[in-house]
Amino acid sequence: MNPWIGGILAIAAMFVGGGLWGWKGVILALTVVVFWLLLQFSRLMRLMKAASEGPLGQVDNAVMFNAQLQAGMPVAEVIAMTRSLGKKLGSAPETFGWQDSGGARVEVIVSKGKVESWRLLRLEAEVEQAGNKPD
């Protein structure tokens, strides 16, 4: 959810609660907002715990991972898909990589916590290019 929309909904809930039940309504709305924030935090912590238990920069199938990626996808969603933290490949632009057991690798460029672009690198293409070079 967009943070602006969430903030507007929280403020609206407090005004509606205050208008209907006075200070008790404001307290109820504030309690609901804090509970929602705790749920989001708990979800993120479970995600990061699961990702930290997996091997760094590993994915089951890089080609399928490549097909599921979308521009603008939050990094938390990418980590949930891979069940692994990406291996940092570069700082400018911020680049992370995931590789499968077959040698295929997906490099993801992240900007402001969202996927900006990505590319799939296959081991076969690198081997063929190396084999075609003259001695």
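The 13 positive and 11 negative charges of the protein chain have mean positions 13 Å apart. Lys and Arg count as positive, Asp and Glu as negative, while His and the chain ends are not counted. Each charge is placed at NZ of Lys, CZ of Arg, CG of Asp or CD of Glu.

This is a predicted model, where local features need pLDDT of at least 70, side-chain atom pairs count only at pLDDT 80 or more, and totals for chains, interfaces and linings use all residues. Residues are numbered from 1 along each chain as its sequence is written, and side-chain values use heavy atoms, with hydrogens and water left out.

The protein chain has five helices and four strands. Helices (H or I, at least four residues) and strands (E, at least two) are DSSP runs, numbered from the N terminus. From that end, the order is α-α-α-α-β-β-β-β-α. The C-alpha trace spans about 85 × 25 × 25 Å along its principal axes.

Now to one residue. Thr-82 lies in helix H4, residues 75-82. Thr-82 is buried, with a relative accessible area of 7%. Its side chain reaches the backbone oxygen of Ser-84 at 2.9 Å. The side chain of Thr-82 also makes a polar contact with the side chain of Trp-98, at 3.4 Å. A polar contact is a pair of N or O atoms within 3.5 Å; within protein, one must be able to donate a hydrogen and the other to accept it, and residues adjacent in sequence count only if both atoms are side-chain atoms. Leaving aside neighbours within four places in sequence, Thr-82 is in contact (heavy atoms within 4.5 Å) with Gln-58, Val-59, Phe-65 and Trp-98.

Key:
Buried < 20%, exposed > 50% of the residue type's maximum accessible area, 1.4 Å probe, protein only.
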